[in-house]
Amino acid sequence: MPPPDAKPRHIAITMDGNGRWAAARGLTRVAGHKAGLATVRMCIEQCSQRGIEALTLFAFSSENWRRPAEEVSGLMTLFVEALDKEIDELHAKAVHVRFIGERRTLAVRLQARIAAAEERTRANPGLRLQVALSYGGRWDIVQAAQKLAQQCSSGALAAGEIDEERFADALSLAGLPEADLLIRTGGEQRISNFLLWEAAYAELYFTPVLWPEFALADFEAALAFYAGRERRFGASASAPARRVGA
Ligand code: IPE
Ligand code: IPE
Ligand code: MG
């Protein structure tokens with residue numbers, strides 16, 4: 001067993017590769033997204049069981065609106081169906097569910113499900129699950145800047161009082177530990193506008209495995225990778241700020 005502090009507090013996942021998984025089987029892209037739900041369930045279950053504090057899943061980016069209307073509407077329907085289907089189980093597992101992203105751009109029926117799911121699970125003490133929908137790291141930074149600017153113009157805040165802590169408090173993930181481990185499936189090695197602020201010191205784990213095929217052993221491999229990292233946070237190698245598996 002790795003030592004207890006070898007475990008990330010906050011895992012973020014870019015769930016990529018559904019489209020390629022489907023194409024390889026002659027299925028529609030939406031069928032690929034549907035197949036990815038089983039992996040979502042597995043990761044939530046694993047994080048809950050292992051006492052990981054927070055899991056943030058990238059489900060739909062600000063830029064994914066550029067996809068064909070058919071895929072976008074298929075995804076919106078899938079999000080609604082998945083929430084309807086999973087919310088009882090999530091609540092039973094004491095998961096605290098939240099959604100981050102530009103909510104007003106989402107289908108109204110999805111916004112209603114989101115509000116209900118958040119309200120229902122608000123007091124749950126278990127895993128803190130964030131689902132990023134119509135989310136972009138740049139969008140989040142801009143909305144934080146707007147919030148702070150409003151406080152400045154109302155006189156509640158002076159510009160000079162804005163520091164990293166106050167800025168982080170205006171972001172969607174305020175109050176959560178920063179991402180320790182960022183997993184991306186599907187083989188691409190890029191951020192694609194995910195947690196631009198909160199992943200500043202995340203360990204990056206890229207795997208070619210496509211999201212619908214990302215299995216327990218792959219999740220464990222990502223955790224083992226993390227446990228082997230030496231996290232320096234800018235300190236020198238001889239005096240690392242924190243050796244994960246030490
Ligand atoms: C990720 O899978 C899911 C979303 C972006 C909604 P993709 O749909 O990007 O799958 P690939 O990258 O085309 O295989
Ligand atoms: C990132 O995947 C977004 C999500 C997984 C939700 P994309 O498939 O949209 O990213 P790019 O286009 O390959 O950068
Ligand atoms: Mg993709």
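The expected span of a helix is 1.5 Å times one less than its number of residues. Helices (H or I, at least four residues) and strands (E, at least two) are DSSP runs, numbered from the N terminus.

All views show a predicted model, in which local features need pLDDT of at least 70, side-chain atom pairs count only at pLDDT 80 or more, and totals for chains, interfaces and linings use all residues. Residues are numbered from 1 along each chain as its sequence is written, chains are lettered from A and ligands numbered from 1 in the order in which they are written, and side-chain values use heavy atoms, with hydrogens and water left out.

**View 1. Helix H8 and its buried face.** Helix H8 covers residues 216-227. Its 12 residues reach 16 Å from first C-alpha to last, close to the 16 Å expected at 1.5 Å a residue. Phe219, Ala222, Leu223, Tyr226 and Ala227 are buried in H8. Buried means under 20% relative accessible area, exposed over 50%, and partly exposed in between (1.4 Å probe, protein chains only). Seen down the axis of H8, the buried residues fall within an arc of 140 degrees, so they line one face of the helix. The arc is that of the directions from the helix axis to the C-beta atoms. Ala217 and Ala224 are exposed on the other side of H8. The buried residues of H8 pack against helix H3 (37-49) and a set of strands. Those strands are E1 (10-14), E5 (181-184), E6 (203-206), E7 (230-231) and E8 (242-243). Contact here means heavy atoms within 4.5 Å.

**View 2. Helix H5, one side covered.** H5 holds 14 residues, 108-121. At 1.5 Å a residue they should span 20 Å, and the end C-alpha atoms are 20 Å apart, which agrees. Leu110, Ile114, Ala117, Glu118 and Thr121 are buried in H5. They cover an arc of only 95 degrees around the axis, which puts them on the same side of H5. An α-helix has 3.6 residues a turn, so residues three or four places apart point the same way. Val108 and Glu119 are exposed on the other side of H5. The cover over the buried residues of H5 includes helix H4 (69-92), strand E3 (96-100) and strand E4 (128-135).

View 3. Thr121 sits in helix H5. Its relative accessibility is 0%, so Thr121 counts as buried. The Thr121 side chain reaches the backbone oxygen of Ala117 at 2.9 Å. This is a polar contact: a pair of N or O atoms within 3.5 Å; within protein, one must be able to donate a hydrogen and the other to accept it, and residues adjacent in sequence count only if both atoms are side-chain atoms. Leaving aside neighbours within four places in sequence, Thr121 is in contact with Ile87, His91, Val95, His96 and Val97. Ala116 also has its place in helix H5. Ala116 counts as partly exposed because its relative accessibility is 45%. Ala116 and Tyr135 are 19 residues apart along the chain, and their C-alpha atoms are separated by 19 Å.

**View 4. The surroundings of ligand 1.** Ligand 1 is surrounded by 13 residues. The closest are Asp16, Gly19, Arg20, Arg29 and Arg67. A residue is near a molecule or strand if one of its heavy atoms lies within 4 Å of it. A backbone N or O atom of Gly19 lies 2.9 Å from an oxygen atom of ligand 1. For a side-chain N or O atom of Arg29, the distance to an oxygen atom of ligand 1 is 2.8 Å. For Arg67 it is 2.7 Å, again from a side-chain N or O atom to an oxygen atom of ligand 1. On its own, ligand 1 has 380 Å² of accessible area, and the protein covers 87% of that. Accessible areas come from the Shrake-Rupley method with a 1.4 Å probe; for residues, only the protein chains shown count as cover.

**View 5. The surroundings of ligand 2.** Residues around ligand 2 include Thr14, Met15, Phe58, Ala59, Phe60, Arg184, Arg190 and Ser192. Asp16, Asn64 and Arg67 also surround ligand 2. A polar side-chain atom of Asp16 lies 3.2 Å from an oxygen atom of ligand 2. The corresponding distance for Asn64 is 2.9 Å. For Arg67 it is 3.2 Å. Ligand 2 exposes 390 Å² when taken alone, and the protein buries 79% of that.

**View 6. Ser61 in strand E2.** Ser61 lies in strand E2, residues 54-61. Ser61 counts as buried because its relative accessibility is 8%. Not counting residues up to four places away in sequence, Ser61 touches Ser134 and Tyr135.
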